[in-house]
Amino acid sequence: MKLDTHAMRYLSTEDWRVLTAVEMGSKNHEVVPTPLIAQISGLRGASGVNKSISAIAKVGLIAKVKNAKYDGYRLTYGGLDYLALHSFSKRKTVYSVGNQIGIGKESDIFVVANDTGKQHVLKIHRLGRISFRKVKENRDYLRNRNSGSWMYMSRLAALKEYAFMKILHENGFPVPTPLDQARHCIVMELIDAFPLRQLSTISEPSTLYSSLMELILRFASMGLIHGDFNEFNILVYEDSLKPIVIDFPQMISTDHPNAKDYFDRDVQCIKTFFERRFRYTSEDDGPHWSDVKRVGKLDIEVQASGFSKKQWKELEKYMKEVAPLGDDNEGGQEESGGTETDGDDDDEDNEDDQDDDAEEGKEGNKKVDIDLLDEEKGDNTQLWEAVRASKEKGLR
């Protein structure tokens, strides 16, 4: 979906409070009742609340659900984008948003700048987008949650990627420097390198090939397997041929039951690409799973750093049931500098939105168990107290 930040400058303090109230109300409601929005926002006077609701609905940050059993609104991905950017803005991580430089099955990539003008990369996770062709067949994942779970899964993906990127960067792995994370978004260092898939020729393919295979083994020795180690997720400096690895939401532990299969697939992806693109075939048929000598426990450190085992399992369940790791790289990957997408994507996206509205209309008051954003609680203490009060009163 498009990221249009034009309306951000025109939102008032009251508008932000109402938008945050809709997000918080989504913890227990797929469609948040209008009286609950007013209560959580803490604004006096129904006219002020209705004015703010109208303002943010007009720019697509919230949406009214057709045929719902009561008057209410749901948070859209656009609204979630605005809330994340608002958090980055308050922290002075993001001051302006530039061009989109990448689009993939699971995310959108933009160039952004901080308050000093330094450019970074903003990655917006969008799990559940139309590239997953069988998504409607798997709507029963995670206790039958529907549209709200896309945002929850996107946030888990961002949390996981940020946790992995941070721990890998601290341990000297060639990854972008992670700078900030909020909701379903990550801000990271802008790497001035080419995606491997864009290179048609290189002077020494054997050197780059060896570096990549050593990197796969190095990941495994520290207890990690990338899970999607291919030409879409590897950046290469043109002069030095030094690789930089990106995209970590699918990363798994070497203790995973299918770790060997994912390890072998990462190795085979590189072998196949080098044979096809550079006509290079290594004399060594390895590395093999038996070559892995574990010397570290970064997988355990990631869980200890904030991404819990429960969250890991939930995201893995999503990846298994809705976005199988074995799928082809249909539609391209995120940070590869932009890829082509099907010409009918917009039409399919609109059809999915209509289907979501129809489903939510049938189950308008269905509760959704969304784990909201702990890092934002500190800025909205009064709003969270209102949420707890409404739950105690049983307001729906």
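**Close-up views of a predicted model**

View 1. The phi angle of Asp 247 is near 70°, a positive value in a residue other than glycine. Most residues other than glycine have a negative phi. Asp 247 has a relative accessible area of 1%, and it is therefore called buried, while Gln 250 is buried with a relative accessible area of 5%. The backbone oxygen of Asp 247 and a polar atom of the side chain of Gln 250 lie 2.8 Å from each other.

View 2. Arg 279 has its place in the loop between H8 and H9, and its phi is positive, at about 55°, although the residue is not a glycine. With a relative accessible area of 67%, Arg 279 is exposed. Pro 287 is placed in the loop between helix H8 (259-277) and helix H9 (298-304), and the peptide bond that joins Gly 286 to Pro 287 is cis, with omega about 0°. Most peptide bonds, by contrast, are trans.

**View 3. Three strands form an open sheet in the order E1-E3-E2**. The pairing in this sheet is antiparallel, and the edge strands, each of which pairs on one side only, are strand E1 (32-33) and strand E2 (62-64). E2 and strand E3 (residues 72-75) run antiparallel and are joined by three bridges. Within this part of the view, Lys 64 stands opposite Tyr 73, a residue of E3. Strands of a sheet pair through backbone hydrogen bonds, which may be arranged in a parallel or an antiparallel way.

View 4. The chain as a whole averages a pLDDT of 80, and 74% of the residues score at least 70.

Terms used:
Residues are numbered from 1 along each chain as its sequence is written. Side-chain values use heavy atoms; hydrogens and water are left out. Buried means under 20% relative accessible area, exposed over 50%, partly exposed in between (1.4 Å probe, protein chains only). A polar contact is a pair of N or O atoms within 3.5 Å; within protein, one must be able to donate a hydrogen and the other to accept it, and residues adjacent in sequence count only if both atoms are side-chain atoms. pLDDT is the predictor's confidence in each residue, from 0 to 100. Helices (H or I, at least four residues) and strands (E, at least two) are DSSP runs, numbered from the N terminus. Two strands pair if DSSP finds at least two bridges between them.
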